[in-house]
Amino acid sequence: MSEILRAEKISKRFKIGDKYVDALNSVDLSFSKGECVSIMGPSGSGKSTLLYLLGLIDTLSMGHIYFNGQKISSLSSRKKAHFRSMHIGFIFQSFYLLPELNCLQNVCLPAFIQDKKNFWKKNEFAKKARNMLIKVGLEERILHKPTELSGGEMQRVAICRSLMNEPSVILADEPTGNLDSKNSDMIANMLQSISKKENKTVIIATHNESLAHRADKIVILKDGMIQ
Ligand SMILES: Nc1ncnc2c1ncn2[C@@H]1O[C@H](COP(=O)(O)OP(=O)(O)OP(=O)(O)O)[C@@H](O)[C@H]1O
Ligand SMILES: [Mg+2]
């Protein structure tokens, strides 16, 4: 499998008052196209920090990140935002759906952000979002607002949203953290099929053993370092 994303000696140090927290410490990782990787480790071991760094949401203290061989960690913040919107899909534990938008609008949001000028001219985005929602069993909820949905339904909307711009890398932070076992299973199946059928790289931070063990590879973090 060919490498798509590589972290080279990445570190993250937070400063709180006059103290430092080394959340991630010189981590080297490589991810291939179509690979599904779980990140495990105790609470506070740096899993979320790692995903935020890989997704260029947070900035590195040290090290470099490469995407298809291009160093992306040194891009300007405007270029990073553009890169994120083109190539990265992020799934958060607490969904972060916008409450005033319905499911369809929430899923369309990344397309709107990426191309505000043409968004309103094309109804292909709405069609695509609608088809994704139907595919994950939410046909009856398309025009519902997030407050009218269950946790599993919200997470399915969030997954559709993360796929809207067809990113090559999906980063999922505790995607089953708020869900019961039936919904967890459904989300695990979805993530696995995204990686295998759509050849996307899926990186999942989780405490959920059964979800983690469905991945191709498990990376264990402890105190910000790979075990
Ligand atoms: N914004 C921040 N400011 C200061 N310290 C932070 C910040 N974010 C995370 N940390 C610290 O960095 C360390 C790693 O945090 P992180 O959230 O990555 O852990 P985690 O493995 O995701 O934990 P959990 O399983 O509880 O989600 C922790 O000690 C945490 O307190
Ligand atoms: Mg976390």
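Against which elements do the buried residues of α7 pack? The model is predicted: local features need pLDDT of at least 70, side-chain atom pairs count only at pLDDT 80 or more, and totals for chains, interfaces and linings use all residues. Residues are numbered from 1 along each chain as its sequence is written, while chains are lettered from A and ligands numbered from 1 in the order in which they are written.

**View 1. Packing of helix α7.** The buried residues of α7 pack against β3 (36-40), α6 (151-163), β7 (169-173), β8 (201-205) and α8 (209-212) (contact: C-beta atoms, placed from the backbone, within 7 Å). Helices (H or I, at least four residues) and strands (E, at least two) are DSSP runs, numbered from the N terminus.

View 2. Ser184, Ile187, Ala188, Met190, Leu191, Ile194 and Ser195 are the buried residues of α7. They fall within an arc of 160° seen down the helix axis, so they line one face of α7 (directions taken from the axis to the C-beta atoms). The face turned away from this buried side carries the exposed residues Ser181, Lys182, Asn189 and Lys197. Buried denotes 20 or more other C-beta atoms within 10 Å of the residue's own, and exposed 12 or fewer, with C-beta atoms placed from the backbone.

**View 3. The shell around ligand 1.** Among the residues around ligand 1 are Phe14, Val21, Gly44 and Lys47 (C-beta atom, placed from the backbone, within 6 Å). Two or more residues each come from β1 (3-16), β2 (19-32) and α1 (47-54); α1 gives the most, with three.

Technical notes: Contact = placed C-beta atoms within 7 Å.
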